[in-house]
Amino acid sequence: METLLVVDDDLGIQKQLKWSFSDYEVVFADDRQSAIAQLRRFEPKVVTLDLGLPPDPANASEGLATLAEILNLAPQTKVIVVTGNNDKENALKAIQLGAYDFYQKPIDSDTIRILVSRAMTLFDLEQENRQLAQSLPAMGRIIGSSESIQQASRRAEKIAQTDVSTLLLGESGTGKEVFARSIHDLSARRNKPFVAINCASIPENLLESELFGYEKGAFTGANKTTPGKIETAQGGTLFLDEIGDMPIGLQAKMLRFLQERVIERVGGRHEIPVDIRVVCATHRDLSSMVAEQTFREDLFYRVSEITIRIPPLRERGSDVVLLARTFLGAYKDEYGSKVKGFSEDAIEAMMQHRWPGNIRELQNKLKSAVILAEGNLIQADDMGLTAGQNGTMQNINLREVREEAESRAIRQAWHLAEQNMSKTAELLGITRPTLYSLIDKYRLDDIKPSN
């Protein structure tokens with residue numbers, strides 16, 4: 001049973017909250033000293049804190065001081081501050097100090113239950129991500145707790161210690177190079193070079209010499225013998241990004257290298273042995289390209305001994321919030337910003353946005369928001385998003401609108417029900433079999449039964 005700490009000197013409020021949270025172990029404190037003592041003893045995930053505490057219950061100074069001390073001792077704790085009916089100014093001060101949310105009296109049991117449940121879920125998500133990063137040092141670059149990203153991470157971890165050729169499939173901006181670097185960092189080659197080259201960003205007439213190097217005098221301007229990317233990766237890992245954009249004429253030379261592990265520089269006459277691990281990536285459908293004869297079938301099978309699909313951000317559920325919080329921590333230091341977190345409308349907008357540019361789009365929007373935000377919390381407008389919309393032209397296809405709305409409602413209910421499927425179905429007003437059917441229908445891979 002989860003522990004909830006209630007800090008309030010009003011016995012009536014204490015009794016109401018104890019009754020409201022019968023499925024929690026509720027512990028109480030009535031001043032700052034007892035609150036800190038209970039915090040140390042029980043280490044609760046969530047605290048509700050009345051700002052009007054003795055010895056000066058008419059003002060919020062003692063409550064704000066208690067909040068600051070709680071967050072200093074246990075910064076991951078989610079604190080929901082409770083204020084008087086007309087005390088919005090101090091509620092906003094509390095948010096600036098780092099409170100998770102605020103609630104104004106009189107207390108409504110249903111509303112505060114939802115707030116506490118959401119805070120508990122967020123604490124668990126953040127804790128799970130921290131534990132994942134600690135347990136998988138090399139895969140710690142990959143942030144997320146959704147089943148889809150976890151499945152891809154486990155697959156990458158399994159193949160890291162081998163030299164099997166790996167193909168990473170995913171849309172632009174999903175983090176294919178991050179996966180490639182993680183595979184390298186977890187391999188026996190970690191102390192050797194990791195060399196990346198984007199096959200789509202280099203003109204066709206230069207790509208061969210970039211990859212294989214060239215001998216002095218091989219062409220106009222070749223004033224000295226220069227090793228290519230393949231040679232410079234000796235002993236380590238070569239990452240070929242956008243392999244699907246490699247010219248068909250160069251693919252034969254690449255195939256020979258992969259089969260025989262030798263190369264010849266442009267203009268060269270002797271073979272150079274190379275010992276490297278190759279990881280490739282593309283956003284293209286290589287199978288279709290093989291059928292259309294724009295990508296060699298034998299090269300396709302050579303580079304895709306193991307294939308890992310990296311899910312787009314829109315399929316990763318609450319991971320977008322975890323990623324946003326992680327990036328925010330880096331960007332606010334980089335740009336000297338005082339931003340501390342996200343408003344509720346920003347979180348809602350991030351969860352609803354389709355993210356066609358995936359993680360790269362999220363990073364770009366966050367950088368702009370950190371620079372442009374005027375308050376201590378990033379708003380949806382700061383990110384160029386609008387809560388309740390997808391950030392693009394409004395969808396008027398009824399089937400798609402229904403699917404998006406039902407998917408969003410299922411995810412919200414699942415979080416409110418603390419990932420309990422029976423409670424999720426109950427909140428949605430449907431049976432469990434219907435819930436499972438909808439999860440399969442809408443491919444909600446990040447939602448898995450916990451009971």
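Pick out L416 first: its relative accessibility is 30%, so it counts as partly exposed, since that label covers the range between under 20% (buried) and over 50% (exposed). Keep in mind as you look that this is a predicted model. You'll find L416 in helix α16, which covers residues 398-416.

Now zoom out for a moment. The protein has 451 residues, and 48% of them count as buried. Its secondary structure comes to 18 helices and 14 strands. Along the principal axes, the C-alpha atoms fill a box of roughly 90 × 45 × 40 Å.

Next, go inside. How many cavities of 30 Å³ or more are there? The count comes to one, and the largest cavity has a volume of about 30 Å³. To find it, select the residues that line it: V6, V7, D8, I13, L17, T48, L49, D50, V82 and I107.

What is the lining like by class? Seven of its residues are nonpolar, one is polar and two are charged. If you colour the lining residues by class, look for D8 and D50 among them; Asp counts as charged.

Key. Residues numbered from 1 in each chain as written. Predicted model: local features only at pLDDT ≥ 70, side-chain atom pairs only at ≥ 80, totals over all residues. Heavy atoms only, no water. Helix = DSSP H or I, 4+ residues; strand = E, 2+ residues; numbered from the N terminus. Buried < 20%, exposed > 50% of the residue type's maximum accessible area, 1.4 Å probe, protein only. 1 Å grid on protein atoms, 1.4 Å probe; cavity = no way out; pocket = protein on both sides within 12 Å on 5 of 7 lines; lining within 4 Å. Points joined across faces, edges and corners; volume = space filled by probe spheres on them.
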